[in-house]
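Dear colleague,

I am handing over the structure below, together with a few notes on what was found in it. Please read the notes with the coordinates open beside them.

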Amino acid sequence: MAKRKPSPADASEAVPGTAAAPPEGYTVLARRYRPQSFLDLVGQEPVAQALTNALQSNRVAHAYLFTGARGVGKTSTARILAKALNCERGPTATPCGTCDSCRAIAAGEDVDVLEIDGASNRGIDEVREIRQNVQFRPTRSQYKIYIIDEVHMLTAPAFNALLKTLEEPPPHVKFIFATTEAQKIPITILSRCQRFDFAGIATGRIVERLKQVVVGEGMQADDEALELVARRAGGSMRDAQSLLDQLLAFGDSKLTVEHVHRLLGTANEDRVAELAAAVLARDAKRALEMLGAAIDEGIQPGEILDQLIDYWRDLMVVNSAGVEGQTLSVGSKHRDAVKGQAQAASLDALLAGLDVLVSSKARARGSNHGRVLLEMALVRLSRLGDLVSLAQLAQWLAQGPDGKEARAAAPRPTQTAGPLPRLTPPPEAVKKKELNGTDGAALLTLTPQTLTEVWQRVLEKIDRPFLANDLGKSDSLAISGPNSLVMRFPPGYNRPCERCQEPTQVKFLEGLLRQLTGQPWNLRFETGSGVGGPSTPSAAGEDTETSPARLRRQQEEALAAPLLKRAVDLLGAQVVRMDDGFGVVPPPSAARPEPTEAEEA
C-alpha cells in the first residue's frame, strides 16, 4: 500500500509513493493509502513480480486481464502499470511518481490513460468509439492505455466489436481489464489477454497494513480490534480500510474491541464462547436466555449467527487438524477452550451443527424472523447429542434381542427357512393388544413353520369379502426378511395384486398380523414366478422339480457367486426376489447381430 499522503497544505510538494490530494474536503483512507508502486502491493507479490519482469525484459503484452475478489488491488495495479509504461523515465518497473504523467495517472486525470466503467459503458456504441479513437496517437505519453473496470458487464455485441481491435491493436495502445467475475467473459476475449488472478489478502497482512495506517493517522488501536476488523474484511484490503475509517471516526483517540462490536452490532468473543459452551452442554434454556440478553443490548441476530458459523467452523477444523498452524476466527485466549470443546464432541455432530447454522443463514435472507430462526438453530444444536449415526442404526438393526449379531441366523426368503429372531413386545404392548380385541389369547410366533397357520388365522379375521377373494388368487406366501412378508400372484392376476396393494388394504392386513403376533410386519405383493411360485415345466417335460424346490436350488446356486456371497458376508444381504432368467447366459444365436453399414451410418 502507499505511504500516508501529505496534508492539503503540502499538496503542491509531491512525495514519492503518494497520491495527490484534492485541495478541499476529506479523502477516505482507501484512496489516500492506495498503492503507488509494485513494492506497495500487499498480498499480490506474484503478480507484481511478473509485471516487473515483463517491464524489465520489454515483454509487455498488449492486453491484460486482472481478476479477483473486490478490494484486492486490481485497479490499483492497473494504474501502477500505466504509470510504469508512461513515466517520463519509462517504461520502467519503478515509476518515479513525481513527474506530471505519474501524478496525473495517480489522480485519474491523465488524458492518455482512460479509465472506463464497464457497467455504465457496456453497449456497442461505446466500444465503437474506442475502436475509432485507438487509431490516434497519445497526446503526450508513449502509450494510450484503456483501463476497463468490471469488463464482464459489457454486452455480447460489445465484446464482439472489441475482438479484432483487442487482438491486433496499434503499437501505441494497451488494454487493461479488471473484473470480479471472469467466468462471464467470453473465451474469445480471454484468449487474447494475459490473465492474472488476484488472491484474497491474508488476515495477518491486512493487520500489518492497518497498523501502518493507524500510525499515519496519529491514532491508536488495540491489536485485537485491528484483527477483528481484518477478519471482518474477508480478504479485502479496501473493505478493511473503509471499516477502519468508519471506526476511527466513531471511537475515541484509541480504537478498542468494544468500539468495533458496538459499531458492527456483533457480540464479543467471550459472549460467543459462552453461548457455544451452553449449546454444547445441551442447555437450551441457558442458550436462549443468553441470546435474549444479547439482542436486548442491541446485538443483531444475523451477526450472532455469522459468529456462530465461524465458531463451529473453528471446532470442525480443530477436531480434524488440531490448533497448530490453523487460521481460526477466535483470539488466542479462547483457543484452549475451542480445543477442549472440539475434542469432546464428535466430528459428525460438529458437521451436523455447522449444517444447521448454514441452513439457518440461508433461510434468514429475506426473512423478517431472524431471531426465531436463530433460536430454532440453537435448540437444534442443543439436541444434536440425541442423533444416532446411520452406521449405529445399521448395527442395531443387525442385532437380535440378545444383542448378538443376527446376520448369521438371518433366514433366506423361502418357506423352509429357519426361525426369525423374534422381538418380544413389552408387557405394556401385550396388555394393549389384549384390550384391542385379542381376548387375552396368546400371541403367535410367525416363523416359516407357523406361516400357514398364522395366515389362516388372518384370513378368518378378514371381514372384507372382495379382499378375501383377491387374496385367494395368490399362489405363495413367504418370509422375505426380518418382519417382512411377500405374497406372490401368478402371471395374469395383476388386477387382484393391484387391489391388494392399495394402502388401506395393506394397512388393514398388517394390523391383523400385528394383532396376532404382537409385532409389526411389512407386507408386500408381487406378480410373476418367484419364491413359492407355480411350477413351470420345460417344453420338453424334462424339469419335473416343484417350483419351491427349483427356486431354492437356483438361490443356492446364485448365492455361490463371489459377488453375492461377498454382499451376504459383509452386509448381511438377503435374497428378496429372483427374476426369471437370472444367471442364465443366452445362447450364441440369441446374441445381438452385428450392425449393418446402413445402421452404422
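This is a predicted model: local features need pLDDT of at least 70, side-chain atom pairs count only at pLDDT 80 or more; totals for chains, interfaces and linings use all residues.

On the H9 side the contact is formed by Glu 224, Ala 225, Leu 228, Val 229 and Arg 232, while H11 contributes Val 257, Val 260, His 261 and Leu 264. Sorted by class, this contact of H9 with H11 holds 6 nonpolar, 1 polar and 2 charged residues.

A second pair is formed by helix H5 (residues 124–133) and helix H6 (residues 156–167), whose axes come within 8 Å and cross at roughly 15°. Because angles under 35 degrees count as roughly parallel, H5 is roughly parallel to H6. The crossing in which H5 passes H6 is right-handed. From H5, Ile 124, Val 127 and Arg 131 take part, and they meet Pro 157, Ala 158, Ala 161, Leu 162 and Thr 165 of H6; by class, the contact of H5 with H6 has 6 nonpolar, 1 polar and 1 charged residues.

As for the protein as a whole, there are 26 helices and 10 strands, and 43% of its 601 residues count as buried. When contacts between residues at least 6 apart in sequence are considered, 69% of them join residues at least 24 apart. The accessible surface of the protein is about 32400 Å², and 52% of that surface belongs to carbon and sulfur atoms.

Notes. Residues are numbered from 1 along each chain as its sequence is written. Side-chain values use heavy atoms; hydrogens and water are left out. Axes are lines fitted to C-alpha atoms, for helices over the stretch in contact, and angles run from 0 to 180 degrees between N-to-C directions. Helices (H or I, at least four residues) and strands (E, at least two) are DSSP runs, numbered from the N terminus. Angles under 35 degrees count as roughly parallel, over 145 as roughly antiparallel, 65 to 115 as roughly perpendicular and the rest as oblique. A crossing is left-handed if the near helix is turned anticlockwise from the far one by less than a right angle, and right-handed if clockwise. Contact means heavy atoms within 4.5 Å. Ala, Val, Leu, Ile, Met, Phe, Trp, Tyr, Cys and Pro count as nonpolar, Asp, Glu, Lys and Arg as charged, and the others, Gly among them, as polar. Buried means under 20% relative accessible area, exposed over 50%, partly exposed in between (1.4 Å probe, protein chains only). Accessible areas come from the Shrake-Rupley method with a 1.4 Å probe; for residues, only the protein chains shown count as cover.
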